[in-house]
Amino acid sequence: NGGRILLNLLSEKPDKLKHVVLLDAAGVYEESRKRDIARNISKLAAPLKKIKPLRKVYHKLLGASDYDHAPENMKRTLANMLDSDKKLQMEKVTTPASILWGKMDNVTPPRQAAVMHRRLKNSEIKYFENWTHAPYICDPNGLAKAIYSVMEKYA
């Protein structure tokens, strides 16, 4: 969520940083029929959520088992993050940005990197073939080299 938080900050205070590195960052809102349908079903089935086995099945079907295990305050936080993506005005961000993205990221897929790059007028983008959403796990050396390369260029 660091990228999302920084983009929100920089849309309001563009002079806060000299440069930002966005690593498989969240912040691009995408319409989702699945999410919209799930919300509507959720509203209709609200009384059934109190039955723990049904709630678990519901979240498993939606691929939201993490959500099921989250405390109530975290559930509100997760919903607020998605809402912040809807309102985020990336076009206001003038801070130079280096977008580093894994082609194998299935949490924030590469199509979101392309959207982010288009919306951030002062950005450059680089994709990495074997990176997932967590390059610090799957390729820590490659990540260190990529960040070092950005630092050398902009320091």
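Biologist: How many helices and strands are there in the protein chain?
Modeller: The protein chain has eight helices and three strands. Helices (H or I, at least four residues) and strands (E, at least two) are DSSP runs, numbered from the N terminus.
Biologist: What should I know about the source?
Modeller: This is a predicted model, where local features need pLDDT of at least 70, side-chain atom pairs count only at pLDDT 80 or more, and totals for chains, interfaces and linings use all residues. Residues are numbered from 1 along each chain as its sequence is written, and side-chain values use heavy atoms, with hydrogens and water left out.
Biologist: Thanks! What pattern does the protein chain follow along the sequence?
Modeller: It reads α-β-α-α-α-α-β-α-β-α-α.
Biologist: And in which order do the three strands sit in the sheet?
Modeller: They form an open sheet, S1-S2-S3, with parallel pairing. Strands S1 (20-23) and S3 (123-128) are the edges, each pairing on one side only. Two strands pair if DSSP finds at least two bridges between them.
Biologist: How many bridges join S2 and S3?
Modeller: Six, with S2 covering residues 97-102. Ala-97 stands opposite Ser-123 in S3.
Biologist: Which helix packs on the sheet?
Modeller: Helix H8 (residues 140-154) does, touching S1, S2 and S3; contact means heavy atoms within 4.5 Å.
Biologist: New topic: what share of the residues is buried?
Modeller: Of the 155 residues, 32% count as buried, meaning under 20% relative accessible area (1.4 Å probe, protein chains only).

Definitions and conventions:
Buried < 20%, exposed > 50% of the residue type's maximum accessible area, 1.4 Å probe, protein only. Axes fitted to C-alpha atoms, helices over the stretch in contact; angles between N-to-C directions.
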